[in-house]
There are 2 protein chains.
Amino acid sequence: MALPTLNPESGFRRLRIELSYDGTNFSGWAAQPDYRTVQAVLEEALSMLAHRPVTTVVGGRTDAGVHALQQFVHVDIPENPPFADIDPKKSWADWNIPNWTYRLNRILDEDIRIISVEEASEHFHARFSALERHYVYKIADGLMTLPPLARFDVAPWYRHLDENLMNEVSAKLLGENDFKAFCKFREGSTTIRNLKKFHWYRLDNGYLAADVVADAFCYSMVRNLVGAAVCIGEGRFPQEWMLDLLNNRERVSDSYVFPGRGLTLTKILYPEASELYQRSLQTVGRRDEE
Amino acid sequence: MALPTLNPESGFRRLRIELSYDGTNFSGWAAQPDYRTVQAVLEEALSMLAHRPVTTVVGGRTDAGVHALQQFVHVDIPENPPFADIDPKKSWADWNIPNWTYRLNRILDEDIRIISVEEASEHFHARFSALERHYVYKIADGLMTLPPLARFDVAPWYRHLDENLMNEVSAKLLGENDFKAFCKFREGSTTIRNLKKFHWYRLDNGYLAADVVADAFCYSMVRNLVGAAVCIGEGRFPQEWMLDLLNNRERVSDSYVFPGRGLTLTKILYPEASELYQRSLQTVGRRDEE
């Protein structure tokens with residue numbers, strides 16, 4: 001395999017699309033029959049503008065109910081527009097890409113918004129070029145009343161949580177580890193990740209929040225880490241329980257997985273344009289980078 | 001009429017209820033057949049707990065789509081609980097009022113939350129005791145992309161708005177004036193109001209916001225004031241247009257009314273307990289205080 005698949009095919013150019021969504025009424029990112037997913041509605045809108053079926057490649061695949069303040073995808077479209085009124089002189093400029101942000105937002109529902117559409121730098125790949133994925137998880141603990149206008153991106157929890165205890169154990173998980181205990185099994189996926197940040201703090205409105213940053217995450221990893229840290233924060237288990245899980249690579253119970261509702265992808269970090277090629281070389285082949 | 005109607009009937013005690021709601025899926029405050037309204041769902045829940053039909057009196061009646069960060073109502077319930085298992089010894093304490101916040105929130109949907117339920121101070125009247133109503137109106141102007149997770153309490157507007165121009169004219173409306181030009185007609189209502197604050201500013205995310213404070217507002221007054229100020233801010237009309245409207249008491253066109261979606265009741269100010277009686281004396285008879 002390798003590099004040829006990373007760049008657009010001959011005669012195509014790549015677009016980098018930045019978007020945001022409220023995941024409440026989506027069954028996650030990935031297209032699946034009979035469900036409303038972010039990928040499906042976005043590809044449908046893009047296909048209308050491109051006059052042909054368009055496939056997206058996403059930077060951070062999100063589960064059902066998970067939100068994104070900043071998400072990136074790329075799509076490859078033909079160099080020359082295949083408009084109905086065929087004109088051999090039509091060129092790349094006739095796509096009028098600067099206008100796509102506005103046009104996509106006219107088509108899409110309000111719970112998904114396009115922030116920008118532009119031609120991608122050479123070697124940009126939404127998935128393989130990414131250096132870091134940043135998430136925030138919000139919890140309204142101790143039977144706190146959820147403010148109705150701020151209820152969609154937070155998970156309620158009945159017990160009060162001690163964020164100092166949670167920070168103590170969370171700090172011990174940082175670095176490159178095998179997070180198998182906190183990843184749902186997926187064929188052929190590595191579970192070795194570099195966890196760069198896992199820090200708890202209080203928001204102005206009293207919510208408990210965690211910033212979680214890694215090079216990449218495996219499936220359900222953030223929500224598993226949050227659920228286990230909550231067990232520490234409410235005093236149900238000692239810190240050693242969570243550290244033993246990590247070290248023994250023993251899958252944590254699904255009953256500790258926290259809901260998608262509280263999770264938001266806040267940022268995907270890409271390298272400077274000059275380093276995109278090097279980054280792609282590093283990550284290509286690690287098929288599970290998300 | 002007058003004072004007797006301000007206090008609970010003999011054998012009843014008054015509860016003060018603080019609540020918050022996302023108005024998106026409500027047809028406003030006031031109960032009306034076949035529509036989901038805040039009053040209707042709240043009275044239904046209260047009636048379950050009170051074992052009898054309960055009528056609420058509201059501090060700030062909100063229109064369809066309008067939100068409330070802080071709203072107050074009062075209800076009067078019998079001194080002694082009329083529980084099915086009649087026990088002549090049951091007393092006020094058996095209502096277990098401190099538990100009503102939790103019980104109401106179990107019954108109600110997530111877009112309305114009870115913040116507190118407590119026995120009201122003597123002479124407290126949710127409507128007539130209020131000194132000030134505070135509102136905020138938010139506009140995403142200049143075709144700004146609405147962040148999907150912060151889209152419910154803001155109105156989009158396509159032109160860019162000049163908040164300095166808007167502040168200049170808004171300041172000239174302050175004080176006790178006849179706001180007939182900005183009030184939808186209602187039989188028997190006064191349109192003389194004391195506008196204490198009408199100030200525009202930018203939020204961190206770029207939204208244009210106005211704080212609007214008055215002793216009370218008549219129907220659709222805030223949304224009319226906002227719509228007229230927008231006409232100034234986008235340069236459609238000179239300031240004199242808005243001041244002439246005020247002075248001539250000529251009803252502004254409905255086409256300038258801004259939608260309920262961008263409007264949020266943020267606070268209702270009540271006097272200290274010792275001054276409640278005096279305040280009720282002042283406002284009783286002004287049937288339109290809202």
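Guide: Happy to, and we'll talk about the chains and where they touch; keep in mind that this is a predicted model.

Visitor: How many residues of chain A are in contact with chain B?
Guide: On chain A there are 18 residues in contact with 18 residues of chain B.

Visitor: Which strands supply residues to that side of chain A?
Guide: β1 (12-21) and β4 (112-119) of chain A each supply at least two residues. β4(A) gives the most, with 3 residues.

Visitor: And how do the residues on that side divide into nonpolar, polar and charged?
Guide: The side of chain A that touches chain B has 8 nonpolar, 4 polar and 6 charged residues.

Visitor: Through which surface do the copies meet?
Guide: They meet through the same surface, because 100% of the interface residues of chain A are also interface residues in chain B.

Visitor: Switching topic: how many helices and strands does chain A have?
Guide: Chain A has 6 helices and 10 strands.

Visitor: What about its radius of gyration?
Guide: For chain A it is 21 Å, which agrees with the value near 19 Å that a compact globule of 290 residues would have. The C-alpha trace of chain A spans about 70 × 45 × 35 Å along its principal axes.

Visitor: Last one: what share of chain A counts as buried?
Guide: Of its 290 residues, 40% count as buried.

Notes:
Residues numbered from 1 in each chain as written. Chains lettered and ligands numbered in written order. Predicted model: local features only at pLDDT ≥ 70, side-chain atom pairs only at ≥ 80, totals over all residues. Contact = placed C-beta atoms within 7 Å. Helix = DSSP H or I, 4+ residues; strand = E, 2+ residues; numbered from the N terminus. Nonpolar A, V, L, I, M, F, W, Y, C, P; charged D, E, K, R; others polar. Rg over C-alpha atoms; globule rule 2.2 N^0.38 Å. Buried ≥ 20, exposed ≤ 12 C-beta atoms within 10 Å, placed from the backbone.
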